[in-house]
Amino acid sequence: MLILAAALVLCVSLDAQTVAARVASVTGRALFSSGSGASALALAPGNELSPGDRVDTRGGGRIVIELTDGSMIVVQPESVILIKDFRAAVSLRELFEITLGSVRVKINHFAGRPNPYRMNSPTASIAVRGTDFNITVDSRGDTQVMVYEGAVEVTSRVDPSQSVMIEAGRGVLLVPGQGFQLFNVLSGREIAEQNQGNGRNDRGLSASTADNHSGQIEERDWDSPRNIASIYEQYIAGLSEIGQAPFLLRYNAFPEAHLDSLENPAYATGFKAAEGRVVFLPSLNGSGGLDENPTPPGLSAVSPINYSAASQLSMFVPLANNFVIGGSVTGSKIGSGVQGAPSDLGLSTILGQTVPVGGLQTSGSSTGEFFSGSFVAARRFGANSSVGIEIESLRGTGSLAAQILSTGQPIGSLERIDSGSSISQRRITAGFERDLPHGQTLGFFYRYGLIEAEDNNTSHTLNNVPEPLDSTRSSGHSSEVGLRLRGPLGHRFFYGTDISWLGLALRDDLTRSIAVDSHQRDRAQRSSAALGFGYFLNQRTVLSIDFAAGTSSASTGRTEINTGALLQTGAQNSRFASTNLGVQTKLFSHLFLNASLLAIWQGYDLSQGFYPDSFGNTSLITDPFLPLTATGYRPPRRSSDFGAGWWFSNRLFLQYVFSTPYGVDSGGHTLMLRYTFRLHGE
């Protein structure tokens with residue numbers, strides 16, 4: 001009895017000790033502000049956090065917070081948390097409240113049980129019954145909790161009578177008015193291992209027989225290399241004409257004869273003498289955060305190193321009877337190397353690499369080569385109107401090599417995937433241009449394109465054992481219209497406005513080793529408008545300002561091939577607004593400098609629905625040609641270009657541009673070598 005009493009007193013005294021929290025590490029830009037209303041300050045390792053402090057990583061930062069009781073918190077980018085009174089010695093200490101983003105929590109054991117903590121979100125209260133879990137909150141307040149070790153009790157804050165206990169390997173999504181939706185958090189290979197251990201052989205489609213009506217979703221496709229190497233998705237999506245980045249419109253007030261004529265062939269009648277242009281454009285983007293999105297659950301942040309090299313030859317030649325012919329030939333190569341950060345807190349050494357205990361270490365690289373050619377024919381009618389037509393073709397190939405090193409229990413695994421892709425587009429553009437009074441010009445074009453694309457695994461091994469191969473085959477068409485109006489507002493003041501709309505329809509055949517074969521229909525559209533002004537301050541300096549805004553939407557529907565049953569639906573809506581400020585000045589006859597600042601405001605909504613297949617299983621499958629997932633690329637909120645160029649002659653110049661997204665990554669470096677030649681005339 002004396003020993004038990006002494007142990008009880010010791011436990012109470014230890015529990016009553018004051019717990020302190022300090023910042024162990026900071027990556028990227030992270031801010032904190034105190035409850036006293038002081039201005040936000042940059043977080044640095046060693047900073048102590050107190051109740052009432054607000055931590056904000058929406059600048060792309062990632063921080064690790066250590067508690068003196070041995071617990072640890074990892075605040076991912078794009079997150080906001082409020083530190084609560086964790087020092088109070090009550091039955092459940094309030095650790096923090098998360099209002100946005102994703103936080104990984106690892107609670108230390110005390111006296112054989114986890115320390116008593118509680119975390120809150122706008123919709124849920126999470127009581128610690130386990131030691132390792134993740135909390136994610138989106139902009140609407142929907143809360144997702146995934147448990148990796150132990151158990152967590154989740155209670156609805158709207159209706160406290162509703163609560164659920166989530167054990168390791170399981171997750172819950174709480175959406176106000178929809179109750180709890182349960183799902184698995186195991187990866188595809190872990191599910192397959194469990195099924196083999198249970199004597200099951202249903203293609204690894206399900207790890208349990210939980211009620212599908214509860215919204216069970218097995219997030220097995222999120223940890224595939226194809227999603228981790230998301231730069232690969234970017235160039236595929238861009239070639240499909242519906243890239244996930246906003247359609248930014250800059251420098252609208254100023255014409256550029258070659259680029260304008262390749263966009264709207266009617267502008268080609270502006271060439272009065274045969275003229276050609278050669279452009280060579282290599283670039284290198286440094287390592288750092290890929291974008292400003294929250295890290296998706298189950299994935300670690302990805303740091304790509306991207307390079308590209310592009311060259312283009314364009315030529316326009318006037319003929320008799322007001323005809324002009326021309327076109328362009330373009331070749332480019334892009335590549336990236338991706339190294340994933342550890343996705344867990346503990347580290348160990350396996351195969352000579354430092355990897356997370358119970359987590360994932362990802363790496364990969366992708367390359368792409370693209371060639372395009374176009375032919376332009378235009379004719380001027382009378383003194384004011386021109387029409388033109390352009391036929392163009394693009395072909396590209398890409399490859400992806402990636403691996404995932406898993407250190408999960410009971411054994412680790414090494415998964416390797418090699419993929420290849422091809423894409424082709426054939427487009428025809430019809431354009432119209434009219435000269436208006438006072439130097440104004442109005443242009444309109446319509447473009448229609450056909451798309452064919454394939455993405456196939458060429459090799460897939462798990463611990464050197466061959467695995468089934470995935471493939472996607474896609475075909476579709478696109479339509480685009482654009483309107484542009486430009487002109488002077490004075491001797492030094494110019495303006496330009498641009499409106500465009502793009503629509504895309506794709507049909508996909510999806511073969512996945514973890515799911516039944518399926519068809520998918522994709523629909524997407526994007527609209528944007530921009531207004532720009534340019535002002536010549538003097539003969540050496542020009543200023544510009546551009547405003548742009550737009551919206552985009554995409555929807556998908558996936559059905560089982562054998563039965564025609566609906567398997568998955570998805571819808572994503574986004575909007576953006578941007579402002580670009582630019583200045584260029586000539587220091588003397590050969591040297592010029594330029595600088596710009598681009599600011600972007602964005603918002604998006606993503607909703608998905610999942611339905612059981614003929615085996616009774618529910619699967620999340622992503623389409624590489626039009627992925628509707630939270631991993632989509634989004635540019636940083638602020639970026640700038642700083643350049644310096646040298647005119648060797650009136651026809652040849654070389655320019656260097658440094659681009660920075662202000663802490664999101666280490667910036668990019670681009671060279672442009674441009675030579676313009678004329679065969680005769682002017």
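Guide: Residues 24 or more positions apart account for 63% of the contacts in the protein with a separation of 6 or more, where contact means heavy atoms within 4.5 Å. This is a predicted model, in which local features need pLDDT of at least 70 and side-chain atom pairs count only at pLDDT 80 or more, while totals for chains, interfaces and linings use all residues. Residues are numbered from 1 along each chain as its sequence is written, and side-chain values use heavy atoms, leaving out hydrogens and water.

Visitor: How many helices and strands are there in the protein?

Guide: The protein has 5 helices and 38 strands. Both are DSSP runs numbered from the N terminus: helices are H or I with at least four residues, and strands are E with at least two.

Visitor: How do you know that strand 28 and strand 30 pair?

Guide: Strands pair if DSSP finds at least two bridges between them. Strand 28 (residues 441–462) and strand 30 (residues 471–488) are joined by 16 bridges, so they meet that definition. They run antiparallel, and one of the bridges links E454 to R473 in strand 30.

Visitor: What does strand 30 form with strand 31?

Guide: The two form a hairpin, with 4 residues between them. Strand 31 covers residues 493–511, and its antiparallel pairing with strand 30 runs over 18 bridges. Among them is the bridge between G487 and Y495, the latter in strand 31.

Visitor: Why is S386 called buried?

Guide: Buried means under 20% relative accessible area, exposed means over 50%, and partly exposed lies in between, using a 1.4 Å probe and protein chains only. S386 has 0% relative accessibility, so it counts as buried. Its place is in strand 26. Leaving aside neighbours within four places in sequence, S386 is in contact with A266, T269, R379, R380, G431, F432 and E433.

Visitor: What makes the link between S386 and R380 a polar contact?

Guide: A polar contact is a pair of N or O atoms within 3.5 Å; within protein, one must be able to donate a hydrogen and the other to accept it, and residues adjacent in sequence count only if both atoms are side-chain atoms. The side chains of S386 and R380 are joined at 2.8 Å.

Visitor: Why does F432 count as partly exposed?

Guide: F432 has 34% relative accessibility, so it counts as partly exposed. This residue is found in strand 27, and it belongs to a nonpolar patch on the surface.

Visitor: What makes a patch?

Guide: Patches are made of residues with over 30% relative accessible area and no salt bridge; like charges are joined within 9 Å, and nonpolar side chains (Val, Leu, Ile, Met, Phe, Trp, Tyr) within 5 Å. A salt bridge is a side-chain nitrogen of Lys or Arg within 4 Å of a carboxyl oxygen of Asp or Glu. The nonpolar patch here has about 990 Å² of accessible area together, and its residues include F381, V387, F432, Y446 and I499. Such areas come from the Shrake-Rupley method with a 1.4 Å probe; for residues, only the protein chains shown count as cover.

Visitor: Which strand gives the most to the nonpolar patch?

Guide: That is strand 28, with 4 residues.

Visitor: Why is N464 called exposed?

Guide: N464 has 64% relative accessibility, so it counts as exposed. N463, at 38%, therefore counts as partly exposed. N463 lies in the loop between strand 28 and strand 29 (465–466), and N464 lies in the loop between strand 28 and strand 29 as well. Although not a glycine, N463 has a positive phi of about 55°, and phi of N464 is near 70°.
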